[in-house]
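Please keep the sequence and the structure in view while reading.

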Amino acid sequence: MDKPSTVGFVSLVGAGPGDPGLMTFRGADRLMEADVVAYDRLANPQLLLLAPHAEHIAVGKQPDHHPLPQEGINALLVQKALEGKRVVRLKGGDPFVFGRGGEEAAALAEAGIPFEIIPGITSAISVPAYAGIPITHRGIADSAAFITGHRSTDIENPEEDWSQGSLGADTLVFLMGVKNLPQIVGQLIKSGREPDTPAALIERGTTAAQKTLVGTLNDIVEKGCLISPPTILVVGKVVEQHEKLSWFENSAQRPLFGLRILNTKSFSGSNGNNQIAEHYPWDEFDKKASASGAEVVHIPLIQTAPPADLNRFVQAVEDAVLEQKYTWVVFTSVNGVSAFFNQLGALKLDSRCLGGLKIAAIGTATAQALQSWGILPDFVPAQFTGEELGKALPVNSGDSVLLARSEFALPELPKKLILRGCIVDEVSTYSIKSAPSNRMVLQQLQNKDLDVVTLFSPSGVHALADMLLDAGQSDPLSEILARITVACIGPTTAREAGKLGIRVDIVAQEHTSQGLVEAIEKWRKH
Ligand code: SAH
């Protein structure tokens, strides 16, 4: 192979402690430009969606299992950079806090590879913060130390090691301490900490599985006997703040806390102005569900593609614009709106060409999408279903209506309009195909931590069933989906799921993201 003329570049990026919202903008930016992502077990895999086309390499260590030794990881980074690739080394928390990032950077420096360090929010501060424990606090703790509880095997006499200075700090934060918890606690008491010093163990912080146990040095080992990594141990008076400041695990304020929800909705392309939003939209549902306490994993099952019959679309636009053939143009999804206007742009037209037409949207989300293109719809039905739109659209008999929909669209809407004497034309503004992230959806469904999966459209339902069948699940209902709660945006989606043998547990009363979050909250209460 010819040696590429330019050497690549390596970014050592901190992924934060688990909650994907805690990564930096710069880290996200580098992911979006990466050719290769080498990621750790502790980095949230959802972040890989920012780099859907990059090569993804799992180099993470399981607690007792090392898939790739550190030298192997160093060599991999060097090799990929020598191939001219832009490499992101995505590491849990901060790369330089017990992350062996220093060793990786040294290997790169030695090989003459340009690199940068993009710090991340270390679990040492963020996990206590999510447990309501400030690691310093005026009048209570003036200093804090981060200590590894998993001592390197090549240090002969480790106890001497961490009794140097670090034990003098007011707050002690131990990482990797689960295995040696009894030894750590014993050593702390031996070196002078009072046995009634407050201590907390926080397991899987910043995720739906976060669990905080509070005690003292006296009883924390006993209390923590069932705890497993990753866990942070905090020792010091600041732990007492937890009782007052615990917010993340506060289920009175965050009724969905503890639920892990997979949102499979397609990424509804924005106007293209915000790259992060396009790759990783923290969409309405995600925001509302996580504000209510859920951990949301958003991995689309489907994505939009140009319609199979592009000529038909061009014809419909020309009929609408030049021939003034229609009275109404009706949009039934956010995707339909983006596809329609993107296609208009490709024809060197913009919203002005719709000036003489009346425009309807099926619901508020579609109406908002239209507004982002400068169109205020003339009509939005009270209930956001095709059937209701067909019943309530203020048409006169003989009106011509253009339905700008997907290739996969249900017949209720045109049926109702035809019964009311309209002449109805349908045009596919987009088709639907499986998203490249489909494989990640399957992994999530197989993960025993997943509680709820959302379905936002009949095409999403079909994609889910197809994916499960492809994965060898002859009966989607009895296998993977059996222990997962299925939540649908509305009756049309639920009906389609029912037809394919998918049990539906929750259907939103109001067919919006807010409505779906409310329905999940109501279900959780019972
Ligand atoms: N570089 C990372 C730390 C890597 S060492 C950082 O800055 O956070 C791995 C240890 O980090 C785990 O054993 C655990 O002690 C801690 N840790 C990482 N993520 C955690 C989480 N979500 N909850 C609790 N502890 C976590």
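How many residues surround the ligand, and which are the closest? In this predicted model, the ligand is surrounded by 18 residues, and the closest of them are V97, T122, S123, M176 and T231. For V97, T122 and S123, the table lists the distance between an atom of the residue and an atom of the ligand.

| Residue | Atom of the residue | Atom of the ligand | Distance |
|---|---|---|---|
| V97 | backbone N or O atom | nitrogen atom | 2.7 Å |
| T122 | N or O atom in the side chain | oxygen atom | 2.7 Å |
| S123 | polar side-chain atom | oxygen atom | 2.6 Å |

Two points of backbone geometry deserve a note. The peptide bond that leads from P229 to P230 is cis, its omega being near -5°, and P230 itself belongs to the loop that runs between α7 (220-223) and β10 (231-235). R100, a residue other than glycine, has a positive phi near 60°, and R100 is placed in the loop between β4 (86-91) and α3 (101-110).

How do the axes of helix α11 and helix α12 cross? The axes of α11 (residues 310-321) and α12 (residues 334-346) come within 11 Å of each other and cross at roughly 80°, which means that α11 is roughly perpendicular to α12. On the α11 side the contact is made by L310, F313 and V317, and on the α12 side by F340, Q343 and L344. Sorted by class, this contact of α11 with α12 holds five nonpolar residues and one polar residue, with no charged residues.

At the level of the whole protein, the division is into domain 1 (9-121), domain 2 (125-245), domain 3, which is made of two segments (260-301 + 435-525), and domain 4 (312-432). Taken over C-alpha atoms, the centres of domain 1 and domain 4 are separated by 45 Å.

How values were computed:
Residues are numbered from 1 along each chain as its sequence is written. This is a predicted model: local features need pLDDT of at least 70, side-chain atom pairs count only at pLDDT 80 or more; totals for chains, interfaces and linings use all residues. Side-chain values use heavy atoms; hydrogens and water are left out. Domain bounds come from an automatic or database domain assignment. Axes are lines fitted to C-alpha atoms, for helices over the stretch in contact, and angles run from 0 to 180 degrees between N-to-C directions. Helices (H or I, at least four residues) and strands (E, at least two) are DSSP runs, numbered from the N terminus. Angles under 35 degrees count as roughly parallel, over 145 as roughly antiparallel, 65 to 115 as roughly perpendicular and the rest as oblique. Contact means heavy atoms within 4.5 Å. Ala, Val, Leu, Ile, Met, Phe, Trp, Tyr, Cys and Pro count as nonpolar, Asp, Glu, Lys and Arg as charged, and the others, Gly among them, as polar. A residue is near a molecule or strand if one of its heavy atoms lies within 4 Å of it. A polar contact is a pair of N or O atoms within 3.5 Å; within protein, one must be able to donate a hydrogen and the other to accept it, and residues adjacent in sequence count only if both atoms are side-chain atoms.
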